[in-house]
Structures are given as C-alpha cells and as structure tokens.
Amino acid sequence: MKIQSPQQEIKTIMIKRYPHQRLTFNFSFITPDKNYDLKNREKKIKLKLVQVLERLS
C-alpha cells in the first residue's frame, strides 16, 4: 500500500500476515442476574448460542 504525504513523499506500508489464530470464549463474567443468565432461557436460544460458538471456534 502506498500513501502520499503532503510533501509528495511516497511512503510504503507493509501489511504483515499472521498465522491463523483461535478465538477464545470467556464465560467467567456470566451473571446470576435473572435478566441475563442462561438458566431461564428457552432451549432454542441455548442451542443457537452453542451453534454460533461452534461456528466461530
């Protein structure tokens, strides 16, 4: 990628390629608050959560 600065000087930016990385899920912040916990959710909501986690992992 080349970028021209106001002084008309051309600078080159190298984009590094990184190896594939894995996504990490952290469930330590799940709350016991009934408005946000997973205990009182419908099975299809829990299933959807698991499907999304599986797709992202």
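**Briefing: a nonpolar surface patch in a predicted model**

L23, F25, F27, I30, L38, L49 and L56 form a nonpolar surface patch of about 580 Å². This is a predicted model, in which local features need pLDDT of at least 70 and side-chain atom pairs count only at pLDDT 80 or more, while totals for chains, interfaces and linings use all residues. Residues are numbered from 1 along each chain as its sequence is written, and side-chain values use heavy atoms, with hydrogens and water left out.

**Overall build and confidence**

- The average pLDDT, which is the predictor's confidence in each residue from 0 to 100, is 76 for the chain, and 82% of the residues score at least 70.
- Confidence is lowest in strand β1 (residues 2-4), with a mean of 54, and highest in α1, at 86.

**Surface and burial**

- The chain has an accessible surface of about 6400 Å², and 56% of this surface belongs to carbon and sulfur atoms; such areas come from the Shrake-Rupley method with a 1.4 Å probe, and for residues only the protein chains shown count as cover.
- Of the 57 residues, 5% count as buried; buried means under 20% relative accessible area, exposed over 50%, and partly exposed in between (1.4 Å probe, protein chains only).

**Members of the patch**

- A patch is made of residues with over 30% relative accessible area and no salt bridge; like charges are joined within 9 Å, and nonpolar side chains (Val, Leu, Ile, Met, Phe, Trp, Tyr) within 5 Å.
- F27 lies in the loop between β2 (10-12) and α1 (43-56), and is partly exposed at a relative accessible area of 45%.
- L38 also belongs to the loop between β2 and α1, and its relative accessibility of 34% makes it partly exposed.
- Apart from neighbours within four places in sequence, L38 is in contact (heavy atoms within 4.5 Å) with I30, K46 and L49.
- L38 and L49 are eleven residues apart in sequence, and their C-alpha atoms are 10.0 Å apart in space.

**The salt bridge**

- The whole structure holds one salt bridge, defined as a side-chain nitrogen of Lys or Arg within 4 Å of a carboxyl oxygen of Asp or Glu.
- The side chains of K44 and E42 form a salt bridge, at 4.0 Å from N to O.
- K44 is exposed, with a relative accessible area of 60%, whereas E42 is partly exposed at 46%.

Definitions and conventions. Helices (H or I, at least four residues) and strands (E, at least two) are DSSP runs, numbered from the N terminus.
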